[in-house]
Amino acid sequence: MSPAAAIADRFAVDGRLVSLEPKPGGHINDSWLGVWDGPHGRRRCLLQHINRFVFRRPEEVMANMVRLTRHVSAHLTRESAPEPERRVLRLVPSRDGGTHHRESDGEVWRLLDWIEGTRSTERATTSAEARAAAGAFGRFLRQLADLPGPPLHETIPGFHDTPKRLRALERAVAADAVGRVAGAGPEIEAALDRRALSRALADRASRGELVRRPTHNDAKIANVLFDTSTGEPLCVVDLDTVMPGIALHDFGDMVRSMVADAAEDEPDPSRITLRVPVFEALARGFIEAMGADLSPLERSLLPTGACVITFEQAARFLTDHLEGDRYYPVTHPDHNLERTRTQLRLLQLLEDHDAELRRITESL
Ligand code: GN1
Ligand code: MG
């Protein structure tokens, strides 16, 4: 039995594990798709190992997940949503009744029911798909807006604290730990030139002008499951970074990850283009789904959200490149530098189109 299969066996699934295959996807956690033969036929589940280098307190990640999935389920029941079990992630308990399994080495694992008949995608192929994804994230935020009780745990402190991300970049440049600063001159200059942008939302948030609420914080299209036959966006996944935040960061991540029709690590930045209709579709889908939960100020700052998050992601990739690729997995030495270039190119395009994007959000 492989180590992952031994761990899968620690969860309360009725039946025999017949296969367990690695499921490539996100950068941070490792996942496997398992198939069980049981009394009610075949059952598929996703086994996940939580990355403890990134999530220092996995128990808090799990506690958030339990609270918020229950809350979303309650909303679905109240709304009489069809097939509610396909619209929210469901944890499979461990054999001792816990929400996760902790190995003797301290590593934390969880098992989720696989949502059958869904597909996910790395890129938005059409404006309609982008609008649908933005609607899914907007509804998710609305469902969480009335989460009772204390705020969710901050699973990664300062996750979207953009000025802090800029300071981390400055420290990485000063330290030049792996001798890569000389080879990244233009990228460092382009990022440090955007110092003012790093404060564009942070200052307003600290003055209390932007509501803090539970947000997703990794709102890329790959984190939405679409119904394979109808194309309806069913379920928002990757809930590890759901924590208090601001809605504009989620909108920013949607634009960052969908507007360009190119992979995040496209090696040729000249192939990055800005699809204005996709931006419009995202704004439309998000505004529609959020309704009155999005303030007039937030609405007017949607294009700023896109710039801030694209800048922040560029700073994060560049910092990691300069620190020797400790956070994001890479396949070749300049991988994080290439990712930085695509983000910087996209940021430039967003800035060049600023007036047009503002006109669009004002007109909706
Ligand atoms: C990471 O692991 P994944 O692919 O879901 C990262 C996000 C980045 C994203 C870039 C916890 O997400 O913040 O935007 O890569 N997640 C974490 O693709 O750092
Ligand atoms: Mg993620």
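Let's start with the secondary structure. The protein chain has 12 helices and 11 strands. Keep in mind that this is a predicted model.

Now the overall dimensions. Along the principal axes, the C-alpha atoms fill a box of roughly 60 × 50 × 40 Å. What is the radius of gyration of the protein chain? It comes to 21 Å. A compact globule with 364 residues would have a value near 21 Å, so the two agree.

Next, the domains. The domain assignment gives domain 1, residues 3-114, and domain 2, residues 127-363. Their C-alpha centres are 26 Å apart. Who takes part in the contact? Domain 1 puts in 24 residues, and domain 2 puts in 30 residues.

How much area do domain 1 and domain 2 bury between them? About 2500 Å². Carbon and sulfur atoms account for 60% of that. On the domain 1 side, look for three residues: H27, R67 and L68. Together they supply 26% of the area that domain 1 buries against domain 2.

Which helix gives the most to the side of domain 1 that touches domain 2? Helix 2, residues 58-78, with 12 residues. Sorted by class, that side of domain 1 has 11 nonpolar, 6 polar and 7 charged residues.

Salt bridges next. The count between domain 1 and domain 2 is 3. Here is a pair to find on your screen: R86 forms a salt bridge with D227. Their closest N and O atoms are 3.1 Å apart.

Now the structure as a whole. It holds 28 salt bridges. One of them joins R95 and D9, with the closest N and O atoms 3.8 Å apart. This pair links distant parts of the chain, 86 residues apart. R95 is in the loop between strand 4 (91-92) and strand 5 (101-102). D9 is in the loop between helix 1 (3-8) and strand 1 (16-22).

To recap: two domains, about 2500 Å² buried between them, and 3 salt bridges across the contact.

Notes. Residues numbered from 1 in each chain as written. Chains lettered and ligands numbered in written order. Predicted model: local features only at pLDDT ≥ 70, side-chain atom pairs only at ≥ 80, totals over all residues. Heavy atoms only, no water. Domains from an automatic or database assignment. Contact = heavy atoms within 4.5 Å. Buried area = accessible area lost by both parts, 1.4 Å probe. Salt bridge = Lys/Arg side-chain N within 4 Å of Asp/Glu carboxyl O. Helix = DSSP H or I, 4+ residues; strand = E, 2+ residues; numbered from the N terminus. Nonpolar A, V, L, I, M, F, W, Y, C, P; charged D, E, K, R; others polar. Rg over C-alpha atoms; globule rule 2.2 N^0.38 Å.
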